[in-house]
Amino acid sequence: MATDFSKYHTATSLIEECNLVGDANRIVWLQQTKEEAAINIAAMHILCKAALSNDISHKKVAKDKTDEYYESVGATLHVFAKAQARAELGLSHGDVTRLFKHIELGGNRYT
């Protein structure tokens with residue numbers, strides 16, 4: 001069964017640019033089970049609330065956990081899915097780089 005990608009304009013453009021139109025339904029967009037994804041979304045929702053609280057300790061935990069989720073969940077997403085998410089959030093690759101500039105990947109700062 002073919003998936004309709006029409007509402008995902010950025011991903012669709014990348015699929016077309018890479019000549020993967022016929023193979024788009026075989027792309028592994030997320031390397032997690034639905035249950036794992038649901039748990040991560042719920043946890044990130046709680047982190048957002050903690051980050052907005054007036055409690056400094058909650059904000060500190062939220063900041064640290066956000067970095068963990070950025071690395072662990074981000075590693076399970078296909079590059080096209082990341083590009084689509086950035087587009088939907090109105091963020092450029094540079095914006096994300098600035099938000100997480102303190103994170104090291106493979107011993108190098110992510111810049």
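Which residues form one aromatic cluster? Phe5, Trp29 and Phe80 do. The model is predicted: local features need pLDDT of at least 70, side-chain atom pairs count only at pLDDT 80 or more, and totals for chains, interfaces and linings use all residues. Residues are numbered from 1 along each chain as its sequence is written, and side-chain values use heavy atoms, with hydrogens and water left out.

**Aromatic pairs**

- The whole structure holds three aromatic pairs, where rings of Phe, Tyr and Trp (its six-membered ring) pair if their centres lie within 6.5 Å, and planes under 30 degrees apart count as stacked, over 60 as edge-to-face and the rest as tilted.
- Phenylalanine 5 and tryptophan 29 have ring centres 5.7 Å apart and planes at 45°, so this pair is tilted.
- Phenylalanine 5 lies in the segment before α1 (9-17) and tryptophan 29 in the loop between α1 and α2, so the pair ties together parts 24 residues apart in sequence; helices are DSSP runs (H or I, at least four residues), as are strands (E, at least two), numbered from the N terminus.
- Phenylalanine 5 is buried at 14% relative accessibility, while tryptophan 29 is partly exposed at 23%; buried means under 20% relative accessible area, exposed over 50%, and partly exposed in between (1.4 Å probe, protein chains only).
- Tryptophan 29 also forms a tilted pair with phenylalanine 80, at 6.3 Å centre to centre and 50° between the planes.
- Because phenylalanine 80 sits in helix α4 and tryptophan 29 in the loop between α1 and α2, that pair ties together parts 51 residues apart in sequence.
- Phenylalanine 80 is buried, with 8% relative accessibility.

**Nonpolar cores**

- The largest nonpolar core consists of six residues: Ala43, Leu47, Ala50, Ala62, Tyr69 and Val73. A core is a set of buried Ala, Val, Leu, Ile, Met, Phe, Trp, Tyr and Cys residues joined through side-chain atoms within 4.5 Å.
- Helices α2 and α3 each give two or more residues to this core.
- A second, separate core has five residues, including Phe5, Ile15, Ile27 and Phe80.

**Largest pocket**

- The largest pocket has a volume of about 1400 Å³; a pocket is an open set of points on a 1 Å grid over the protein atoms alone where a 1.4 Å probe fits, with protein on both sides within 12 Å along at least five of seven lines. The volume is the space filled by probe spheres set on the points, which are joined across faces, edges and corners.
- Its lining has 42 residues, and the closest to the centre are Val73, Leu77, Ala81, Lys82 and Ala85; lining residues have an atom within 4 Å of a point.
- Helix α4 gives the most to this lining, with eight residues.
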